[in-house]
Amino acid sequence: MNSFPRFRQLGQNARTFAPSGVCRGWSRIAAGVLGFLLGLAWSQPAGGAEPILSWAGAERDPHPCLYVTAKDLARFKATAKNLPELAAQKSFNVGGGLEQAVTAALLTGNPAAEQAVLQGALSALDTLLANIPRTTRDNVGPHAYSQFFGQAVGLADAALAAKSVGAEDRAKLRAKIAQVCYAINDPKYFNPEAAHGSLCPNMFTSAAGYRLTAAALIPSHPLGKKWFDDALAELRQEVEDWVDPQGGMAECPHYAMVILDQWVGAFLIAKNAGAADAGNLFNPRLRKAIEWFGNISTPRDPRSGGFRRLPSYGHTYANERTSMFGVMACLWKDTDPAFAAQLEWMHREHGSFGEPGILSYYPAFMAYRNFFRESGVTPKPPAWGSQYYQETGVQLRNGIGSDRETMLYMIAGRFHSHYFNDSGAIALFGKGRELCDDDDYQRRRAKESREAHSMPDKPATFNEERVMELREFSTAPHLDYASGVRRGWQRQIAFVKDADPLAPNYFVIADTLDAKSAPTIWRLFLAAQQITPTAMGVIMTGRDDVDMDIFFLQPGLAKPQIHTNHISLAVEKSGTVTVVLYPRLRTERPPEVSPLDGGQGVRVVTAAGTDIIYLTPGPRTARPDEGKVSLVKQRGGQTVRVVPGACDIVRNWWTDGDPQLRQIKWKKGPQYPPFPDYEDAVSPNPGNLLLLERGKPAVATDFLLAQGAGKPAQATDVSVGWDDDGLDVTFQCVDSGIVAAFKDNDNIKLWKDDCVYVWLDPGHTHNSDRKYIMIQVSASGAWHDLKNSDPTFNVQGLKADVARTARGWSARLRIPWKGLGEAAPKPGDVWGVNFTRMDQPGKVDLDNMQMSSWAALPYHPGDPTDLLRWGHLVFGGKDDSAVRKAHQAIIDSAYTRERLLK
């Protein structure tokens, strides 16, 4: 997991983030300063009281008490293997044999094992205590030391249960555990209401899981019950907030598994501690969540050793499998044997994988997974099939027990949209083989996320605040149907099914774009050896023994462009693009496909029979009784007719938020992310015009915080003039408490002062590579400048005069054209421009400092180097109409067909 999420919140009041002089690193620097300020007293209890590190009754605390109890040990001894060998072993290395040492200590009482877990626990606790301050000091997420935490608590539980560990060593262990508890229960530590909130829910789960687990080790501590109960309440609430009614979980599959690992481990600990409702371990939502993981698991994939795996949606690794089905089979076998049998089947389908996932540390069950590897339950295939998940996506699948199953998943909903701009994209397996793949955590297919997924691009999806909202779903033996909407784009999917997985099982997809969403690019990424053009589309030669025929149905569409790993289609006007995706064994003949009614329908003829499918964005005018989707299937002289009719999804959960916004529900603390819903954030900025007339400065006023956050506490005005030699810019800053500590130029810490910025984009090209000039001036008079992110650049001849005024301070800059390395502009030229101010409230205060700009940034925390949002500096002459025409040409150029179809 990343130590620094893509966006972060640096204060509930300011809702800004602090820049350094080198813009590329400013969020990290600001976060580090904030973390340092918050972390000064991380180890002290609230109110300054001395921590309690020794207390009465501690010797009576039961151990082991986390994942197994003393009662469980007798049962494990009866079935464990190699106990005599473990009992006789003379030495143990907890670094390379953690589970072996714990198993030997708990099941055999081997003194060498008991001493090994003791020393390992003391060492791991010291390492953990050294790392925890990184969260409050440096804003490092709790996941960064999850391995140390898992080792520390797992070994400590075994050591406290060991008979050979003396009273003095037990006291040392308890004291260190108490120190950990104080540190992670400090109000400034990672929690939903702390000022250093993050986009990533799994980090909050980690922190709450730590609090519960550590408290469970010392239940007799005077604060132990409060620590435990508070953490359990937080984790219970997460389950209610982050699992939709169908079981879809917050975040992408990889990070959702990070969350589930902590939930299951913590709730098992709570159950063993005697918490109500079995510690929430058998919560029906938790059951639905593991079913979601099972249902979205891919068919057996040659790329992952012939086993099923978690799909690579969002930040999920390639070929990622999980052991959690096996763990939950062990835990559920007495409560619901039939459900446990399904989980055991899926566990084996994942190759009886030994870890919850890959390339992350999962602290729950660490050192104890040996006890949860064999459920003893006879596996049974589940009857999982097509299902929608309100906040996660829709799964269309057929033949889960077969090696030739077909499935399609469409990403939708608010639950993992903060990772990539992929909402509405699809991934597809046909007859057991991957045909349309999605990005995984390790491979980035395109610089812009929205260009890396199987979906339309540009206006239809550009605003990253929007997600695909599921609207319709229907499932039947012969036809599944789903639809969703994202801004001006509607995606409909019909899945034609057969009981025989080798019979025709294929998809028809209709993408309808409104007038604001075209022109655009439509993309489909393919797991192909080769892509060959045909009269109606392409044939994809798959990587294994399954190919796919792709047919475009609307006449007059441009020919699809063939790329190495995908096809793209230039869509020049609004309307519908309908495509048939027909997987088949390589030995089969392609189907005969004929468009009907201008592409509203299609006839598909195969050796099995004839299908007629209609798929339209609204009820057909000629046959309104057939609605939007219908199927007539002819097989062996028999005709099957399917008309789903009305199948609207009823929103019965989390109805108070915009279903198309990129948020994750959280009842305490901020929403993630706190973006407003601004249509004009789609860029480029058509306003913020400064017309520079000779001898008459233009004025920029009404600075704003990020869009939706209102006006700053203290006003800023800017006047701008020009001549043949340079640009004059004067800032007037209202300021009741000036911070001006740094006197040296080119100091990247100038953002800690009250300071102002001039941002210039000569030519205003809306360059996506963010080529820009920045000049920063502190209230001290020090300055810092960059060109194209080069910190060694200096504006030769720059003059910066700073003065105190009756209402605050002013800064006057004289910027010579030659010093910029740019030719002097001519009348009618247009440059991109923005002005920004960093206002400290009388002292360096990352919670309450404010960043405001003349051209408001589109969202919190915003990026002032986003050239698309900058305003326009128009250099005037004698003919103002010609100047304004030049300005409009710049705006229009951002919306040209050539640009949008590039």
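**Entry 1: a strand pair**

I began at Leu524, which stands opposite Ile567 in strand E15. I am working from a predicted model. Next I looked up the strands around this pair. Strand E15 covers residues 566-571 and is joined to E10 by 6 bridges. The two strands run antiparallel.

I then asked in what order the strands of this sheet lie. The order is E10-E15-E14, in an open sheet of 3 strands with antiparallel pairing. Strand E10 (520-525) and strand E14 (561-562) are the edge strands. Each of them pairs on one side only. I noted the general rule too: strands of a sheet pair through backbone hydrogen bonds.

**Entry 2: H12 against H14**

I moved to the helices. Helix H12 spans residues 284-296, and helix H14 spans residues 337-349. I found their axes 11 Å apart, at an angle of about 30°. H12 passes H14 in a left-handed crossing.

Which residues make this contact? From H12 I listed Arg287, Ile290, Glu291 and Gly294. From H14 I listed Phe339, Leu343 and Met346. Sorted by class, the contact of H12 with H14 has 4 nonpolar, 1 polar and 2 charged residues.

**Entry 3: H12 against H13**

I stayed with H12 and looked up helix H13, residues 324-332. H12 and H13 pack at an angle of about 145°, and their axes are 11 Å apart. Their crossing is left-handed.

On the H12 side I found Leu286, Arg287, Ile290, Phe293 and Gly294. They meet Met324, Phe325, Met328 and Trp332 of H13. By class, I have 7 nonpolar, 1 polar and 1 charged residues for the contact of H12 with H13.

**Entry 4: the cores**

I turned to the nonpolar cores. In soluble globular proteins, nonpolar side chains tend to be buried together. How many residues does the largest nonpolar core have? I read 137. Those with the most contacts inside this core are Met249, Leu260, Trp263, Val264, Phe293 and Phe372. Helix H11 (residues 253-272) gives the largest share of the core, 13 residues.

Leu286, Met324 and Met328 were already in my notes, from the meeting of H12 and H13.

Last, I looked up a second, separate core. This core has 41 residues, including Phe495, Ile531, Val577 and Ile649.

Conventions: Residues numbered from 1 in each chain as written. Predicted model: local features only at pLDDT ≥ 70, side-chain atom pairs only at ≥ 80, totals over all residues. Heavy atoms only, no water. Pairing = 2+ DSSP bridges. Helix = DSSP H or I, 4+ residues; strand = E, 2+ residues; numbered from the N terminus. Axes fitted to C-alpha atoms, helices over the stretch in contact; angles between N-to-C directions. Left-handed = near helix turned anticlockwise from the far one by under 90°. Contact = heavy atoms within 4.5 Å. Nonpolar A, V, L, I, M, F, W, Y, C, P; charged D, E, K, R; others polar. Core = buried A, V, L, I, M, F, W, Y, C linked by side-chain atoms within 4.5 Å. Buried < 20%, exposed > 50% of the residue type's maximum accessible area, 1.4 Å probe, protein only.
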